[in-house]
Amino acid sequence: MDPMLTFLVILIGMYGLSTSKNIIKSVFSVTIIESGVILLFLNLGNWQGGSIPIINGAADLIADPLPQALMITTIVIGSTVTALALMLCIKVFHHYGTVEWREILRRGEGK
Amino acid sequence: MHFIPVYLIFVPVLAALFIYVFKSRHMNWLALAAQAVLTVLLVLYYREFSGQYENTLIVFGGWNDRIGISLVNDEISMSFMFLTVFSWWMVLIYTFEQGKTNHNFLFFLMFLEGVFLALLQTNDLFNMFVFIELLSILVAVLIAFKKTGDAFRAGLYYLVISKAAMMMFLLSIILVYNSFGTINILLVREAMQSTDSLTVVRLSYVLFMVAVMVKSAFVPLYSWLPRAHGVAESGISALLSGLVVKGGLYLFIRLNQMYEYANLNYADFFYWIGALTAVVGVMFALSQKDMKQILAYHTISQIGIVMMGLSKLHDPDMFIGGFLHIFNHALFKSLLFLGAGVIISAYRTKKVTDIRGVMRTMPFVSVFMIIGMLSITGAPFFNGFISKSIIKYGIVDSGIRYWILFVVNIGTATSFIKMSQIFFGPKTMTIRIRKPLKNFALMSLAFACVMLGNFYIPISEGFFGFRVQYIDIGTWANFFDYFLALTIGYVFYRFVIAPDPVPVRYIREHKMTFQQANYLFVVMIVVLLTVFVWW
Amino acid sequence: MIKHVILIAMLLAIYAVFTVSLQDLEQIYQTSADYFREFGVDQTGSNNLVTAILLDYRLFDSLFEAGILLIAVSGIIWISKHDIEEKNARFMLDKFKTPDLFVTFSRLVYPLMLAFGFYIIINGHVSPGGGFQGGAIVATAILILYYIDADKETNIGMIVTVEKFLYLTILIIASLSIFTRGTFFTNVFPYETSSTSTQVIYLVTLNILIGFKVALGLWAIFTAFLKEGR
């Protein structure tokens with residue numbers, strides 16, 4: 001895929017983040033941004049083409065392994081943050097009975 | 001000796017793990033023991049390396065430093081580390097009695113210390129990203145620690161918004177990596193010299209700065225901070241407001257050092273962002289009635305003042321002013337939050353208008369609170385005065401900039417005059433709780449505030465390595481300025497704020513929605529792009 | 001409506017800047033692939049260069065990556081503990097019965113998935129995979145167990161304690177190299193003197209530990225969510 005196309009994924013996520021009124025949708029929008037970033041990094045790591053970064057015998061052109069390693073870290077981080085955010089969503093729902101940002105933020109402190 | 005930075009990171013982390021695994025009452029002492037070890041190590045490290053920071057580079061695994069992860073220290077990170085360890089001492093002492101039943105709390109707290117120390121020392125962009133994400137998760141958990149609806153809401157808000165910001169940070173790392181072939185900050189900095197005007201470098205700068213602006217709560221991306229710091233437990237609020245927000249400012253310093261050779265003229269832009277942040281923070285603080293909300297909004301305004309100083313990275317005096325203000329703010333804001341925590345837990349309300357007679361009921365706490373208030377309003381002989389004066393001297397010639405600082409001072413004075421109404425009034429019967437350790441923590445912080453306010457010349461020369469002899473406390477002009485600000489503040493409070501007119505109420509009721517916050521996030525990216533790429 | 005139009009315009013502006021900077025990037029494009037191709041296998045003993053980076057060149061990152069999982073697990077478990085104040089909490093029992101066909105297939109697939117996960121973990125240094133990926137697969141296999149037996153009870157405190165001990169062990173093994181090579185967070189066996197097959201011992205050990213740690217961590221997260229649903 002083209003880097004230009006993957007950047008569109010990030011923009012879609014940003015659009016979702018600034019328009020969605022639902023907590024779950026916001027969390028998913030952030031996940032979409034994250035997927036876009038991960039795809040972009042992997043794309044740019046393999047911009048000039050090349051085989052997988054596993055050396056068995058002689059290889060002349062390989063994809064850059066560093067982005068792939070960094071992106072594994074990012075995926076793990078992303079999944080844990082999403083899990084924590086969803087658990088907080090459940091708790092917020094239990095306390096307020098809704099998952100709409102507007103409703104939740106309108107309630108005063110201490111209720 | 002050479003590996004002390006590694007021990008500094010892993011001593012608190014290991015202590016946290018042991019506290020979690022052995023859920024014994026005596027494990028609380030382990031936290032204090034780890035803290036003592038940390039202090040000794042830090043002092044040893046400082047004695048070994050002060051003045052020769054070029055030898056502090058550690059590359060893990062002994063690999064080529066283009067590939068491996070490295071740690072490096074300089075004056076800035078060194079002084080930040082001392083501040084970190086000091087703040088943790090205070091918060092650990094303050095929360096010691098609560099901690100007896102709560103191992104989870106100490107686990108997160110100690111882990112946070114290790115992560116923060118690691119963030120200060122790292123020399124690798126991706127490593128930095130990992131630590132900031134770890135920091136966000138820990139902070140979100142600590143905010144939600146009370147398990148009330150407010151706390152969950154604030155934690156979620158913070159987590160989602162900071163995650164979005166960190167994705168921009170990561171995007172920027174990608175651009176830097178593919179432009180320079182490395183993510184080692186020192187190497188990237190040197191490589192910048194040859195590629196000053198490329199769009200890709202500028203875009204990466206913009207994305208880094210947007211992330212930093214969210215993490216350190218600049219206007220207009222501040223909306224998470226009052227929610228988060230207002231609902232957390234007082235010890236946590238003190239830590240977040242005093243220190244963890246400064247992590248964002250530390251990133252600002254580090255990243256701007258990295259882009260030093262890229263020929264980006266950012267000083268003016270960030271100066272005005274800082275001024276705007278200071279003014280807006282004070283404006284919101286004036287309208288609030290909740291004690292912790294007032295303090296949280298003042299954190300925003302003080303960050304603005306720090307930013308006014310830090311934006312002049314190449315003008316040593318202004319930079320020093322901002323840098324010192326980070327330390328002074330950490331001291332007095334921790335003091336105020338911890339003191340407020342004691343008062344709130346005794347009176348069981350956060351409303352400034354409902355609390356009366358603190359002076360008679362809790363004389364010690366009131367004295368310490370008053371020291372904190374004098375510091376934050378910039379009274380001579382207290383530490384806030386020193387750093388504010390350095391910043392003031394830097395801009396005294398340029399009319400409007402000086403007046404903005406003056407307006408912010410008046411606003412700060414007004415809002416603390418409003419807060420000081422809690423001291424007056426008859427003695428009220430409150431729940432009597434004896435808390436010697438809490439008083440001890442407050443006393444140490446108040447003592448530090450007074451010390452820094454009076455012996456600033458030897459402290460700043462010996463510790464940070466710069467000379468501030470030109471600040472003179474005793475002149476009449478300073479007292480006149482301060483009392484003028486107090487008088488205007490009192491009049492302003494008496495006739496404008498106290499009657500609670502409609503505009504004040506409107507500002508208080510105004511709460512930014514989540515979409516608006518993110519909309520402003522996109523707007524801010526475009527504004528920064530306009531300033532740094534097209535201009 | 002007008003806000004949406006402005007938003008889209010702003011996003012398009014960002015896109016335009018990115019397009020321009022991509023052209024710049026094409027001129028100065030650099031990677032470090034050459035370094036890894038040349039030295040990667042010799043220095044780390046791992047044919048899979050991604051594993052080489054995760055477990056050797058950037059082991060410090062991976063340690064804290066595992067640390068993030070640890071924190072998230074403890075945080076989620078702390079948050080999910082119930083207290084009395086939750087007025088809206090409705091404890092819904094799972095009314096839907098899992099279809100028999102699904103249960104049967106789950107029984108068939110479960111051992112295969114477990115074996116595949118272990119394969120990925122153990123062969124992380126020669127083929128695509130490693131501790132984190134394999135651990136996720138093992139955790140998914142464990143999740144399938146809940147389809148087979150919905151009322152399965154798990155001792156969550158036990159899992160979390162074992163996870164903490166595994167993390168400690170990972171930290172100790174990662175820092176052992178201070179004794180053999182005089183530096184932290186790399187292979188215990190120095191690459192100058194030991195053969196590739198010796199170095200592999202370290203890689204496999206670390207991969208297995210990380211794999212188990214990740215699997216246990218994700219399992220704990222699932223359990224916390226399932227308890228929330230019950």
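Chain B has an average pLDDT of 86, and 97% of its residues score at least 70. The model is predicted. Among the elements of chain B, the mean pLDDT is lowest for helix 4 of chain B, at 70, and highest for helix 6 of chain B, at 93.

**Chain B with chain C**

- Chain B puts 45 residues into this contact and chain C puts in 44 residues.
- On the side of chain B that touches chain C, two or more residues come from each of helix 1 (4-21), helix 5 (103-121), helix 6 (125-143), helix 7 (149-180), helix 9 (199-215) and helix 24 (514-534) of chain B.
- Helix 6 of chain B contributes the most to that side, with nine residues; helix 6 is also the element of chain B with the highest mean pLDDT.
- By class, the side of chain B that touches chain C holds 31 nonpolar, eleven polar and three charged residues.

**Chain C with chain A**

- The contact between these chains involves 41 residues of chain C and 37 residues of chain A.
- Helix 1 (2-28), helix 2 (33-44), helix 3 (49-57), helix 4 (59-80) and helix 9 (196-229) of chain C each provide at least two residues of the side of chain C that touches chain A.
- Helix 4 of chain C gives the most to this side, with nine residues.
- The side of chain C that touches chain A consists of 24 nonpolar, eleven polar and six charged residues.

**Domains of chain B**

- The domain assignment of chain B lists domain 1 (1-56 + 73-122) and domain 2 (265-498).
- Taken over C-alpha atoms, the centres of domain 1 and domain 2 of chain B are 27 Å apart.
- Domain 1 of chain B supplies nine residues to the contact between them, and domain 2 of chain B supplies 14 residues.
- On the domain 1 side, helix 3 (75-94) and helix 4 (96-99) of chain B are the elements that give two or more residues.
- Helix 3 of chain B gives the most to that side, with seven residues.
- The residues of the domain 1 side are five nonpolar, two polar and two charged.

**Helix pair in chain B**

- Helix 14 (residues 291-310) and helix 15 (residues 316-347) of chain B pack at about 175°, and their axes are 8 Å apart.
- This angle makes helix 14 of chain B roughly antiparallel to helix 15 of chain B.
- The contact of helix 14 with helix 15 of chain B comprises 15 nonpolar, seven polar and two charged residues.

Notes
Residues numbered from 1 in each chain as written. Chains lettered and ligands numbered in written order. Predicted model: local features only at pLDDT ≥ 70, side-chain atom pairs only at ≥ 80, totals over all residues. Contact = placed C-beta atoms within 7 Å. Helix = DSSP H or I, 4+ residues; strand = E, 2+ residues; numbered from the N terminus. Nonpolar A, V, L, I, M, F, W, Y, C, P; charged D, E, K, R; others polar. Axes fitted to C-alpha atoms, helices over the stretch in contact; angles between N-to-C directions. Parallel < 35°, antiparallel > 145°, perpendicular 65-115°, else oblique. Domains from an automatic or database assignment. pLDDT = per-residue confidence, 0-100.
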